[in-house]
Amino acid sequence: SKAEMGHTCRGTINLATANISVEDSCNFIISNGGAQTYHLKASSEVERQRWVTALELAKAKAVKMLEESDDSGDESVSQTDKTELQNTLRILSSKVEDLSTCNDLIAKHGTALQRSLSELEALRLPPESTDKIKQVNERATLFRITSNAMINVSPHPEDPTVGKAPTSMLSAVSPQACRDFMLLAQTHGKKWQKSLQQERDQRIRLEETLEQLAKQHNHLERAFRGATVLPASTPGTAGSGKDLCCPAKGDLSDEDDDNNEFFDAPEIFPMPDVMGHKRTGSNISGTSSDISLDEQYKHQVEDTKKEKRTRIPYKPNYSLNLWSIMKNCIGKELSKIPMPVNFNEPLSMLQRLTEDLEYHELLDRAARCESSLEQLCYVAAFTVSSYSTTVFRTSKPFNPLLGETFELDRLEENGYRSLCEQVSHHPPAAAHHADSKNGWTLRQEIKITSKFRGKYLSIMPLGTIHCVFHSSGNHYTWKKVTTTVHNIIVGKLWIDQSGEIEIVNHKTGDKCILKFVPYSYFSRDVARKVTGEVMDPSGKVHFALLGTWDEKMDCYKVQLGTGENGAEARPRAHEAEDSRVLLWKRNPLPKYAENMYYFSELALTLNAPESGTAPTDSRWRPDQRLMENGRWDEANAEKQRLEEKQRLSRKRREAEAARATEDGKARLSDRGVPPGCPPPGPHPTVSPPSPGTPYDPYKPLWFERKKDPVTQELAHVYKGGYWESKEKQDWSLCPDIF
């Protein structure tokens, strides 16, 4: 009842449109075919059947009530729809009137015909002629009755020809076709119009409700922030750990940092009623807050190898009508949605990919390990560490332009240098290559696919990551898990990682399985939990991994003895604590990170202007630089210009490729090669584009597509030449993309 729904209802499903299905002897499912699904369990099969029967009867009743309500009068519809419906019915009525006029003419001429036939019948003619005349007279009568029935015009009772038609034929023509058609059209037209108007009203109500909820939530959150003060950070003590393979070298460098600061995630998507506040510029020295944003960066094209920047301009609090943008994006792929920079952070996807190297020292330690199993532990910790930067980073990076690059040269400070290039635009794909003089190479090609589902956003990275250690020749591969951004419309944004990662050593056959446990409101587990097992080729577990993807990862050595029933023994609590080794711990965020997009120390340096880089480097991207400087309106205009320039370049390449194809066909025909046949001699095995898809002949500048001998996948691999070109400052091959 409605009274019960007020205080005990947890949700509703309309029975008229519900699907009721039986799962097993005691369980059954009710679903509305969309997001709502209820799994119900009865105490016995008999009780389950009683419930299913009752629900089916209630559903039949609901369907009947729905049909009756549809038939009982119309709800208010708009004047335009009423006029359109009346015009249609008026046209139908006029057509029926035309048919009625035709019927009058048929009746008039039919009566004259019957009168003439009756006169012929009265004449003294041979018996054979009389029978023929009677037959013709009956057919004329039937023709007249049929025309009357067709448009619902009853024959006049005094008509002398009525009684001459057979009774069976009268009943056969009883359907009043034209008038029935008009009545049906009128009835169903009103029903369809009513349904359409209800759908429109429901959509408008939903949009208004969601926007109102978002405004209310934002108002409450701002009121809460105004009433509270950020608590002072409390010093904590970092846990001690032991190095698996380098005990004499000391513990991990970031274990000694006790001043950890944590901040709440910002409201990335401000609502229309948010009042903007005065921004204060932040220069490098931090001594003045009145310097303009442009002046701050005039002196900042610096030698970043000497001094890395530690601050960027604070994020401005600009208002944005979120729902007006997001309501048209449901179900679409994120890379194909034109988004304003208000949703972004001032870094590109290439720079975010480079952030995987923030904890490069884990690979340095792994390179020094003699045991491949211990090395695999550090590789697993490195894999988890790449997600630590995402815990508060709910903004979207810039989609790189085709041909855009990003270099990070830390050869002198950290022993590695990295290069990324956007190698494809549809689908978007980025290739990454990093070399370290400490004995490892990391390479990957990542394609990002994403779907906006209304309440959350799923980001699925596709592609394999390779890590090769030079001294041992160990070659590891793994793939990334799914990232989900929750509370897109209403509520505070938060990010979760879920899925499994399988890290394989293709030389030894060792394997590590990492499980990222998705967050559950009902679970008592630690949030963002990650578990893992490192095993040899036979499947025997040697190390157990435990931690969280936003904080730290620990390693426990598993005893190789056997437990009860021959099962492999796991360490007891005190044994596990004795053998615990801290593999990785997250670095603390910089001071005031909540005002700087929650960037880490590495992220703050990635977009710093640096001389000598390629003209396609992300640091030179104008819309990204304008956004970082707080000039978002100009950044949006510049972003549109760059995207339009990219579209024109693609069309130009496709047109040139089409002309080249036509010229090639013409030359082959001149040589006598039939159409569709390859020319004699060797020719490359290039797959033709799919029918209807324009062929884009773009080729990356620093990477080439090859078949990987380990995974047998086609991937873009660094072909060399970039660092040599940088040394010579010869960028003549670089395209003009900015």
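A polar contact, as I use it here, is a pair of N or O atoms within 3.5 Å; within protein, one must be able to donate a hydrogen and the other to accept it, and residues adjacent in sequence count only if both atoms are side-chain atoms.

**Ground rules.** I am working with a predicted model, where local features need pLDDT of at least 70 and side-chain atom pairs count only at pLDDT 80 or more, while totals for chains, interfaces and linings use all residues. Residues are numbered from 1 along each chain as its sequence is written, and side-chain values use heavy atoms, with hydrogens and water left out.

**Entry: helix α11.** I began with the N-terminal end of α11, which Ser371 caps: a side-chain oxygen of Ser371 lies 3.3 Å from the backbone nitrogen of Leu373. My helices (H or I, at least four residues) and strands (E, at least two) are DSSP runs, numbered from the N terminus. From first C-alpha to last, the 14 residues of α11 reach 20 Å, close to the 20 Å expected at 1.5 Å a residue; the expected span is 1.5 Å times one less than the number of residues. Is α11 buried or exposed? I found 14 of its 14 residues buried, so the helix is largely enclosed by the rest of the structure. Buried means under 20% relative accessible area, exposed over 50%, and partly exposed in between (1.4 Å probe, protein chains only).

**Entry: the cores.** Next I looked up nonpolar cores, meaning sets of buried Ala, Val, Leu, Ile, Met, Phe, Trp, Tyr and Cys residues joined through side-chain atoms within 4.5 Å. The largest has 69 residues, and those with the most contacts inside it include Leu442, Trp478 and Leu514. Which helix gives the most to this core? It is α11 (residues 372–385), with 9 residues. Apart from this core lies another, of 13 residues, with Trp702 and Trp731 among them. As a reminder to myself, nonpolar side chains tend to be buried together in soluble globular proteins.

I then listed contacts (heavy atoms within 4.5 Å) for Leu514. Leaving aside neighbours within four places in sequence, its partners include Ala380, Val384, Ile503, Val530 and Leu545.

**Entry: strand β16.** Strand β16 (residues 529–535) is mostly covered, with 5 of its 7 residues buried. Two strands pair if DSSP finds at least two bridges between them. On one pairing, β15 (residues 511–516) meets β16 in the antiparallel sense over 6 bridges, and Ile513 stands opposite Glu533. On another, β16 and β17 (residues 541–548) run antiparallel, joined by 7 bridges; Met535 has Val541 as its bridge partner. The hairpin of β16 and β17 has 5 residues between the strands, and there Gly539 takes a positive phi near 95°.

**Entry: Arg528.** Arg528 sits in the loop between β15 and β16 and is partly exposed, at 28% relative accessible area. Its side chain makes a polar contact of 3.2 Å with that of Asp550, and Arg528 also touches Val391 and Trp549, among others.

**Entry: Glu345.** Residues touching Glu345 include Arg352, Lys396 and Tyr597.

**Entry: Asp730.** Asp730 lies in the segment after α16 (722–728) and is partly exposed, with 40% relative accessible area. Ala614 is 116 residues from Asp730 along the chain, yet their C-alpha atoms are separated by 8.9 Å.
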